[in-house]
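Please keep the sequence and the three-dimensional view at hand while reading.

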Amino acid sequence: MSVRIDLDGVAFTYPDGTEALAGVDLTILPGERVAIVGQNGSGKSTLVRHMNGLLRPTGGRVLLDGRDTAGRHVADLARTVGLVFQNPDRQLFAGTARAEVAFGPRNLGVRGADLDASIDGALAAVGLEEAGATNPYDLGFSRRKLLALASILAMRTPVVILDEPTTGQDAGGVARVQSIVADLAGAGRTVLAISHDLHFVAGTFERVVVMRAGRIVLDGSPAEVFAAPNWETLASTYLEPPLAARVGDRLGLGGTPTEADLVAALGARGS
Amino acid sequence: MTVPGAAAPLALSGVRYQYAGTSAWALDGVDLTVEPGRILGVVGPNDAGKSTLALVASGLAPLAIGGRLEGSAALGGRETRELAAHEAAQRSGILFQNPSTQLSGTAHTVWEEVAFGPRNVGLGLGEIVERVEASLAALRIESLAPRDPARLSGGQAQLVALASVFALRPACLVLDEPTSQLDPEGTRLVGEAIRRLAGELGSAILVTEHKTALLARVADAAIALRGGTVVARGTVREVLEDPALIELGVDPPPAVRLRRALAAAEVDAGAARRTLDALAALDVKEAAG
Amino acid sequence: MEDALNEAASRVPDYVLRPVDGTYRRLNPTTKLVIAFSAALVAFGVRGWTGPLVVLAIVVATAAVTRIGRAMRPFVLATIPLIASILLVNTFLYPGAEDVLLRVGPFAATGTGLTEALQASLRVVAFALSVAVFSLTTPTDDLLVDLERRGVGRRGVFVIGSAIRTIPRMVERAGEIVEAQRARGLDTEGSPLRRIRGILPLAGPMILGAVTDVEERTVALEARAFSAPAQRTVIRPIPDSPAQRAVRWSAGLGAAGLVALGIAGILRFP
C-alpha cells in the first residue's frame, strides 16, 4: 500500500549559500515508522521538504517507488506524501472543521460520498468527530493541531510526515498522536516524524535517524541509537539519551530506551 | 535579601478572571504565593488556564487586555487593578512562548533590545547602561550584545527577551511555556537561566510548562491546574509523583514513570533496589550538573 | 553615586552609538521623512512626466551617494505586481482611446493607454524608491525618538516603525503558509485559473496570523512598560539645526505649491 522513499546523495544549498544538506543517503521502506531527530538547523525540516517537492535538491535525487520527483508538481506529489506542519495556524482558514478537512481531498479531486467518508474517518481518527461544525479557531491549540493532522489524514496518502507533532500538546494530545501513528502503521502506511521529544520517539518509532549539520550521524532502532556507545555522538548533537537508557546502562543492560524495555530486561535477567 | 514582613512579590487570593466579551471564568478561584528566590511550577492540560494565570500574574490581565478580575492579585503588596500597565511591568515581568513576537522589532542590537524597557520609563542614561550590563551578565549573554535580535536561535532569543524583561527589575518573573518552541539545547539554556535568576538573584518565579522533567529540575513547589482551579499543590516532587497527574492530562517526568513502571511490573526486589539506586545516582548527577 | 552613573553613561558601546557617516544619513530623521513625503507628493501630484522623472533623478542620485543601490531591490520587487496590473489595465482598457497598436482577442492595446500606463508605473517606482531611500538611511529608533520629542504619540509612531521591520517576518510567514497549503494539494504551479482559487487558503491564515501577531506584540510591548508616561531616554543624540528646519519647510511647501499650481492649471509640465 505504501511507497519506498530513496534519497540518493541529496544535497541542498539555499540561495544565500547556506548548505542545509550535505549529501544525504537514506532509504525508507514502505510501512516503516521513522523518527528524525536533531537540533534546530541540523537539516531535519529541509530533508522532509524534499520528499513532497517543496524543496528540490541542488544535488542528488529523490525517488518515490523508483520514480524521480524531479519535474513533478507538489500538488501531484501531495497524493503520495502528506506533510503536517508544526504550526496549525499557518494553514487553518475554513469556517468549520469539516470544511477545513475537506480542503486537502478536494484538491486531489475527491468528491461526494468518497469525500464525506474521508472527512468522517479523519475527524474520528483525531477524536474531533463531534466538532465538525465548530470554527477551527474556537478549538484550543491542542485540538487545532489535531485538526491540522486530520486534514492530511483525509488525503489518505501512503506516506505521512509529521513535523513536531507533540510540541505544545498535553499528555492527552500526545497519547492521541501515538495511537494515530500506530493505526497508520497498522494500515501499512509509512510514518515519519520530526521530534525533539525523545521519550515520544523511543516509545513510538521503530527507527531513529539522528542529524547534525546536514548529515545523518546515526541510524538504527531506538535501542541501538540510544545505547551507550553512541552517547558521545548524541552529545555532539546536544541530545540526551532517554533516562531508561541511562539507567539500563548503569545496570549493565543494553538497549533499554523505554521504561517498558527496561522492565522487560530486568524481568528477563532474573535476580 | 528579604525584609521580614515585606509583601510577597506575587500573591493571588481567590482570583477569578473572565476574558473580555466572554461569560466563562477562565480562572475560577486560584490562590498562590511566590516568595523571593523561589520557583513555582504550574502544570495542567491545555485550556486549563495556565496562560491565563500567567497573564493575571503579570498584571497584563486586566491592565493590557481588559476582562474582569475578581479577588486579590497583589504584586509586592499592590493590587494590579490599582496599577498602570507600566507600573505592573516593573513589579512582574513576563516571558511568552514565541521568541520572535515579544521582541520590540526596532532594536538593531541585543544591547538596545535589553535597554528597551528602561528607556520607556525614562531612566537616566547611566542607570540604563548599568541595568543593561547587569541583565546581560545575569543571563550570561554578554557575547550576544552586538548581535541582531532577529537573527538569533530560538533559545538565544528567549534569553534576550528574558534579559530585557529583567532589566526593569521586577521582583517577580512569570514564564509561560518558555521552552515550548525550543530545541533541547534551547530548553537547557532557559532552564539554567531560570535557576540562576531565582537562586543567585532572588527573583520570584512562576513558570507554566508541559515539560515536567524541566520543572522537576528547577522548581521548588508546584500546582496543578484544571478548569481554572488548583487541583493539586505541594512540593514539586509531591505534585509530579501524584498518581492522579496522568488523568489530569499531564505527563509525569521520566524518573517518576520509571519508578511506577517498576512497581507495576513487580520486578524482583534486588533488581528493583539496584535500579532505584542507579536512578538516584543519575538524579544526583543531573541536579549537580 | 553621581560619578558612577556618569561614568556608566560613557560605557555605551560603539555598536549602539553607531556614529553614521555621510551628510544625508546624518540628517535629522524628520527632515528625511519630510523629504520623502514631499517627493511622494511631487511624484503623484504633478501631471505629466516631469514630476516622476525629477523625483526619480533625485532619488537615484541620493541612493548613489549613500550607496544603498542594491538594498533597494526588495522595494522595487514589491512594486512589480502593481506595475504589472497598471500596465495591463491601462494599455488594453483605457477608455476612449482610438490609436490601436495591436489586438489580442477582444482586447485592443492603444498608444494612449500605453503612455498612461508607463507614466503611472514611473510614479509608482519613484514613490517606492523614495520610501526605500528614507527607510534604508533612517534607523527606526532614531525616528521614534525624534517624533516623540516633537510630540507625536509614541504608539502611532511605533506602529509605523515596527511595521516596516515586520515585513521580513510577514514574508517568512507567507512562505510557511504557502508551503502548508501546497502540501495539501493547493496547486501553485498549474494554470493561472487554478492559482486564483488559492487566494482564500493563502490570505486567510495570513490575515488571521497578522491580527494575532499584532495582538501578541501589543501585549508584549505593554509588558515592557511601553505606555509609561515618561519621555524615552535618548541614547544616540539626534542633531537638528535651523538650516534643516528651513529645508523641511521649503520642501514641504514647495511640493504642495507645485501640486496646487498644477491642479489650478497655472503651471503646466510636459
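The contact between two chains of this predicted model takes 35 residues from chain C and 41 residues from chain B. The points below begin with that contact, continue with a pair of helices and a sheet, and end with a single glycine.

**The side of chain C that touches chain B**

- Five helices of chain C, namely α1 (2–9), α2 (14–17), α7 (140–149), α8 (154–182) and α10 (199–222), each supply at least two residues of the side that touches chain B.
- The largest share of this side, six residues, comes from α10(C).
- Sorted by class, the side of chain C that touches chain B has 17 nonpolar, eight polar and 10 charged residues.

**A helix pair across the two chains**

- Two packed helices are described by the angle between their axes and the distance between the axes.
- Helix α5 (residues 125–138) of chain B packs with α1(C) at an angle of about 75°, and their axes are 7 Å apart.
- Angles of 65 to 115 degrees count as roughly perpendicular, and α5(B) and α1(C) are therefore roughly perpendicular to each other.
- From α5(B), the residues Leu125(B), Gly126(B), Glu127(B), Val129(B) and Glu130(B) meet Leu5(C), Asn6(C), Ala8(C) and Ala9(C) in α1(C).
- By class, this contact of α5(B) with α1(C) has five nonpolar, two polar and two charged residues.

**The sheet in chain B**

- Chain B contains an open sheet of four strands in the order β2-β1-β4-β5, with antiparallel pairing.
- Strands β2 (27–34) and β5 (78–79) of chain B each have a single partner strand, so they stand at the edges and one side of each is left without a neighbour in the sheet.
- Strand β4 (residues 68–75) of chain B runs antiparallel to β5(B), and two bridges join them.
- Within this part of the sheet, Leu75(B) stands opposite Arg78(B) in β5(B).
- Helix α1 (residues 50–57) of chain B lies across β1 (10–18), β2 and β4 of chain B, and it runs at about 120° to β1(B).

**Gly111 of chain C**

- Gly111(C) is found in helix α6 (residues 111–137) of chain C.
- A residue counts as partly exposed between the limits of 12 or fewer for exposed and 20 or more for buried; Gly111(C) is partly exposed because 14 other C-beta atoms lie within 10 Å.
- Not counting residues up to four places away in sequence, Gly111(C) touches Asp99(C) and Leu101(C).
- Gly111(C) and Tyr94(C) are 17 residues apart in sequence, and 9.5 Å apart in space from C-alpha to C-alpha.

How values were computed:
Residues are numbered from 1 along each chain as its sequence is written. Chains are lettered from A and ligands numbered from 1 in the order in which they are written. This is a predicted model: local features need pLDDT of at least 70, side-chain atom pairs count only at pLDDT 80 or more; totals for chains, interfaces and linings use all residues. Two strands pair if DSSP finds at least two bridges between them. Two residues are in contact if their C-beta atoms, placed from the backbone, lie within 7 Å. Axes are lines fitted to C-alpha atoms, for helices over the stretch in contact, and angles run from 0 to 180 degrees between N-to-C directions. Ala, Val, Leu, Ile, Met, Phe, Trp, Tyr, Cys and Pro count as nonpolar, Asp, Glu, Lys and Arg as charged, and the others, Gly among them, as polar. Angles under 35 degrees count as roughly parallel, over 145 as roughly antiparallel, 65 to 115 as roughly perpendicular and the rest as oblique.
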